Amino acid sequence: VQLQASGGGLVQAGGSLRLSCVPSGRGVSFFAMGWYRQAPGKQRESVATITIDGSTNCADSVKGRFTISRDIAKNTVFLQMNSLKPEDTAVYYCKASQWGMDYWGKGTQVTVSS
């Protein structure tokens, strides 16, 4: 399984970005999907996840600002990020999980300027 993530960039504080992740091989509904991020000098952390049945969860630090969703027809998982803060600056990674196996995509850089 390969994951193609896109949508990162440079944005001012308060702005928005939408990240996209497309898995190859099988549709998004066959995987538990998630977005993770890693800032310089910090451990990778979970940002938002969506289960196979579509249940979602977000980290407390992004609740009310970030939304994870999926479009089965487009075979894409999205992370809508609003009201971005400088502390959201990190490399964002997409992960797909199935049958105890985790697949990671290459990260996409998100930089929020103050």
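Ser83 is partly exposed, at 43% relative accessibility. Its phi is near 50°, a positive value in a residue other than glycine. Ser83 lies in the loop between β8 and β9. The model is predicted. The points below cover backbone, salt bridges, strands and aromatic rings.

**Positive phi**

- Most residues other than glycine have a negative phi.
- Trp99 has a positive phi, near 50°, and is not glycine.
- Trp99 sits in the loop between β9 and β10 (101-104).
- With 79% relative accessibility, Trp99 counts as exposed, whereas Ser83 is partly exposed at 43%.

**Salt bridges**

- The structure has five salt bridges.
- Arg37 and Asp88 form one of them, with N to O at 2.9 Å.
- Arg65 lies in the loop between β6 (56-58) and β7 (66-71), so its pairing with Asp88 ties together parts 23 residues apart in sequence.
- Arg65 is buried, and Asp88 is too.
- Shared partners join Arg37, Glu45, Arg65 and Asp88 into one network of salt bridges.
- Glu45 is partly exposed because its relative accessibility is 36%, and a residue must be under 20% to count as buried.
- Arg37, at 7%, counts as buried.

**Strand β3 and its neighbours**

- Strand β3 spans residues 17-23 and is mostly covered, with five of its seven residues buried.
- On one pairing, β3 runs antiparallel to β1 (residues 3-6) over four bridges.
- Pro23 in β3 is the bridge partner of Leu3.
- β3 also pairs with β8 in the antiparallel sense, over five bridges.
- Here Cys21 has Val77 of β8 as its bridge partner.
- In a regular strand the side chains alternate between the two faces of the sheet.

**Aromatic rings**

- A pair of aromatic rings is described by the distance of the centres and the angle of the planes.
- The count comes to two aromatic pairs.
- Tyr36 and Trp104 are edge-to-face, 5.0 Å centre to centre with 65° between the planes.
- This pair links distant parts of the chain, with Tyr36 in strand β4 and Trp104 in strand β10, 68 residues apart.
- Tyr36 is buried, at 13% relative accessible area, while Trp104 is partly exposed at 38%.
- Tyr93 and Trp104 are edge-to-face too, at 6.4 Å centre to centre and 85° between the planes.
- Tyr93 is in strand β9 and Trp104 in strand β10, so the pair ties together parts 11 residues apart in sequence.
- At 17% relative accessibility, Tyr93 counts as buried.
- Together, Tyr36, Tyr93 and Trp104 make one aromatic cluster.

**Charges over rings**

- Trp104 has the charged end of Arg44 over its ring, 4.6 Å from the centre.
- Arg26 lies over the face of Phe30, 3.9 Å from the ring centre.

Definitions and conventions
Residues numbered from 1 in each chain as written. Predicted model: local features only at pLDDT ≥ 70, side-chain atom pairs only at ≥ 80, totals over all residues. Heavy atoms only, no water. Salt bridge = Lys/Arg side-chain N within 4 Å of Asp/Glu carboxyl O. Buried < 20%, exposed > 50% of the residue type's maximum accessible area, 1.4 Å probe, protein only. Helix = DSSP H or I, 4+ residues; strand = E, 2+ residues; numbered from the N terminus. Pairing = 2+ DSSP bridges. Phe/Tyr/Trp six-rings, centres within 6.5 Å; stacked < 30°, edge-to-face > 60°. Lys NZ or Arg CZ within 6 Å of the ring centre and 35° of its normal.
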